[in-house]
Amino acid sequence: MRKRKRLCGVLMIIAALVIMQLPVSEADAATSASDFQMEGNVLTKYRGTDTEVTVPNTVSVIGEGAFENNGRITRVILPNSVEQIKPYAFWGCDNLSTVSLGSGLTEVGDYAFAGAKGLKRMTIPNSVTRIGIGAFADCVNMEEITIPAVVSHIHETAFDGCAKLKINCMAGSLAYKFAQEFYERQKEMPEYEDVSNYQPDSSTAGTNTTDNNTGNSTSTNTNTNTNTNNSGRIPNRDDNVQINPDILGPSGDVLGSTYVVGNHAVVFLDNTSPEVLSGTSITPVTPEIVQPNFENNVQGTTGSTIPKYTIVDGDTVADQAYYRNRNLQAVTLPEEINEIGQFAFARSSVSQLVIPEGTREIAYGAFYHCDNLTQVNLPTTLINVEPKAFAHTAWVDQFLAGTGGESDFLVNGNTLVAYRGSGSAVEVPEGVTLIAAEVFQDHTEITDVILPESLLVIGEGAFEGCSGLKEATFGSQVTDIKDRAFAGTALEHVALPATLKRIGLQAFPETAGVGYAGVAPEKVHEISAERLSNEAYRGSAAESGQSGVKVDGLDGALAQLDGASRSYTLSIWEATDAVRTEVELAFQRNLHQTMPANIQLYGMSLTDSSGIPINKTGRQVLTVTLPVPERFAETGVQVVLLDRNGQLESVSAMRLLVDGVDCVRFDTNFLSVYGLYGDGTVLNTDYLIQTTTTLESMAAPPDAAVMGGSSHLKIYRWLVGGLLLLAGMVLVIGRPLKNRI
């Protein structure tokens with residue numbers, strides 16, 4: 001009898017150890033089958049609360065939206081039985097960091113993992129042949145993916161917004177060809193980040209456009225879920241939204257609308273149509289022109305009744321002023337123009353261009369992909385031509401292809417715009433005062449360069465990636481060397497003239513010995529370093545701290561950066577008198593009215609460990625929550641900002657109570673000056689949603705919720721295992737202990 005008890009005890013101990021050591025995923029699969037809603041062999045919805053999920057091996061298809069917007073899951077294991085992942089299956093799973101794909105998978109559907117900001121690495125199994133539209137779009141923290149040679153179709157947009165991505169693949173495969181094009185498109189990332197309705201060419205949603213350079217086959221996509229929102233990319237998947245009647249003020253004016261999303265009621269203020277308190281509003285004009293009518297240069301703004309000027313204060317062509325305008329032909333800019341803004345004429349039909357003397361700057365992508373542009377006259381006054389300003393214009397492309405003169409240097413005015421040589425020794429022509437950005441980039445054959453006495457400015461990334469460059473001789477008049485001008489070269493010793501006034505970030509390799517004939521120049525940076533995605537440009541130090549955004553300067557303010565992979569600081573301060581003057585000018589210019597007397601103005605700046613201000617977050621949305629000043633406690637509030645050109649822009653905002661504090665919350669991708677002012681309407685606080693300071697995206701699940709998932713199962717298993725272990729020990733050693741006592 002004693003032997004049987006001891007044998008039973010030993011078996012109980014073994015069982016206890018097995019139960020306590022079971023992997024979480026196996027336990028989950030065994031105990032949470034009811035969490036999987038099935039239709040035949042299709043998983044239509046996962047309704048569980050676990051953070052780590054193993055899909056049952058009875059599933060062959062992950063249905064459309066099966067895990068959509070599940071902010072809890074961190075790990076998913078798909079069995080070999082799964083053959084298809086349908087569109088939007090894991091769309092918006094912010095905290096999903098690990099996915100194991102089975103060997104039976106043949107297709108990754110459209111937008112399947114789009115917006116899964118926690119994903120860093122992925123291995124596509126050898127069975128997959130198709131990766132669909134935007135399949136991994138905006139997986140902003142994805143660093144590495146392995147794609148096998150058997151994949152025969154990768155949509156051009158599959159990895160849009162994956163700025164950090166490295167693609168591992170076999171040379172000569174379709175994935176290899178796709179990777180080369182992808183890396184080239186990465187250089188165009190700011191267009192994708194800056195332009196709300198960006199499309200790479202003239203492609204339309206719902207069609208898998210052939211890319212001849214990647215070898216992708218042409219196919220028409222019959223999937224109906226390819227509608228795009230105003231971001232021009234990932235569709236709005238909030239299908240379960242009920243719209244209730246508008247909330248009206250005492251005069252019948254609309255204060256906002258109530259949206260019921262799931263079980264939450266949210267009041268959205270209508271900030272897209274602010275009331276004009278005085279003066280006359282401007283009617284937006286879409287010019288039907290061959291030569292732009294710069295006398296009547298007002299343009300409408302999508303989603304806003306605040307008009308914007310194409311020419312600001314007579315001296316600046318606004319960002320995206322004529323973007324994709326197909327009515328342009330010959331363009332002569334007004335004589336007073338000082339700056340041409342970002343993407344100002346990009347992808348337009350302009351064919352001839354005259355830029356007047358006095359113009360000093362041409363911003364990023366100003367004439368990017370102007371495919372008809374063949375004739376250009378540049379002024380001698382230019383001091384800065386930013387990257388991609390004339391990239392993919394007929395003017396530059398034809399020169400690089402070997403037409404347009406015998407010289408290897410495309411010089412216009414005093415600016416060196418492009419270089420097509422292949423020699424190891426380069427002597428830049430005398431008379432050049434400005435080398436435009438990226439002119440010699442990646443010319444690895446260059447070993448030494450002689451710069452002319454006339455040269456004043458060396459542009460951003462001008463010689464970046466010229467890995468063979470060992471010697472550079474500078475003229476005696478250089479005043480500016482911009483960011484990354486000689487980054488990635490083999491320069492060891494550099495002698496710079498006494499005239500040098502400013503030097504940019506990473507202008508030379510860290511190993512190069514740089515000597516100054518005069519006083520050490522001022523250290524500056526270009527606007528490209530202020531883009532969130534250009535982390536490498538800032539040289540941000542590696543961080544091991546908690547990811548997220550800390551707010552300084554304004555008590556009660558909160559912020560969250562979508563997909564934050566490191567720590568950031570959002571500084572908020574009350575605007576100075578000089579800024580108030582600038583905002584006053586914007587109200588008069590854009591709305592023909594004086595600035596509201598009760599306006600509260602804040603300056604905002606986002607920084608990481610580099611300390612360099614990040615003014616554009618691109619597709620990574622920054623959510624800002626500000627306490628509402630007491631003087632607006634009983635009135636509706638409008639929110640506005642100043643754009644990069646100093647023009648007024650309205651901001652859609654939500655009024656809510658955060659831990660009982662009256663706040664306004666808005667999403668933005670641009671850090672600037674923000675203004676809050678009362679609109680004169682009466683606010684009914686009964687309709688305001690109440691919430692806490694907890695923000696969910698990219699955050700760990702609350703403890704209470706976790707207890708319903710894998711952590712709960714683990715505790716339960718340890719409890720049962722512990723009881724079995726104790727009982728087994730009693731049976732095995734109980735009698736000897738009793739005898740001893």
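Between which two strands is the loop that holds serine 349? The loop runs between strand 24 (339-340) and strand 25 (352-354).

## About the model

This is a predicted model, in which local features need pLDDT of at least 70 and side-chain atom pairs count only at pLDDT 80 or more, while totals for chains, interfaces and linings use all residues. Residues are numbered from 1 along each chain as its sequence is written, and side-chain values use heavy atoms, with hydrogens and water left out. Helices (H or I, at least four residues) and strands (E, at least two) are DSSP runs, numbered from the N terminus.

Serine 349 has a relative accessible area of 8%, so it counts as buried (under 20% relative accessible area, with exposed over 50% and partly exposed in between; 1.4 Å probe, protein chains only).

A polar atom of the serine 349 side chain lies 3.1 Å from the backbone oxygen of arginine 326. The backbone oxygen of leucine 328 is 2.6 Å from a polar atom of that side chain. Setting aside neighbours within four places in sequence, serine 349 is in contact (heavy atoms within 4.5 Å) with Asn325, Arg326, Asn327, Leu328, Gln329 and Asn372.

Seven strands make up an open sheet with mixed pairing, in the order 29-30-32-34-36-38-40. Two strands pair if DSSP finds at least two bridges between them. At the edges are strand 29 (409-412) and strand 40 (522-523), each pairing on one side only.

Inside that order, strand 34 (residues 457-458) pairs with strand 36 (residues 480-481) in the parallel sense, over two bridges. Isoleucine 458 has isoleucine 481 of strand 36 as its bridge partner.

## Aromatic rings

## Charges over rings

Arginine 484 lies over the face of tyrosine 537, 3.6 Å from the ring centre. Arginine 531 lies over the face of tyrosine 364, at 5.5 Å from the ring centre. A charge sits over a ring if NZ of Lys or CZ of Arg is within 6 Å of the ring centre and within 35 degrees of the ring normal.

Methods
A polar contact is a pair of N or O atoms within 3.5 Å; within protein, one must be able to donate a hydrogen and the other to accept it, and residues adjacent in sequence count only if both atoms are side-chain atoms.
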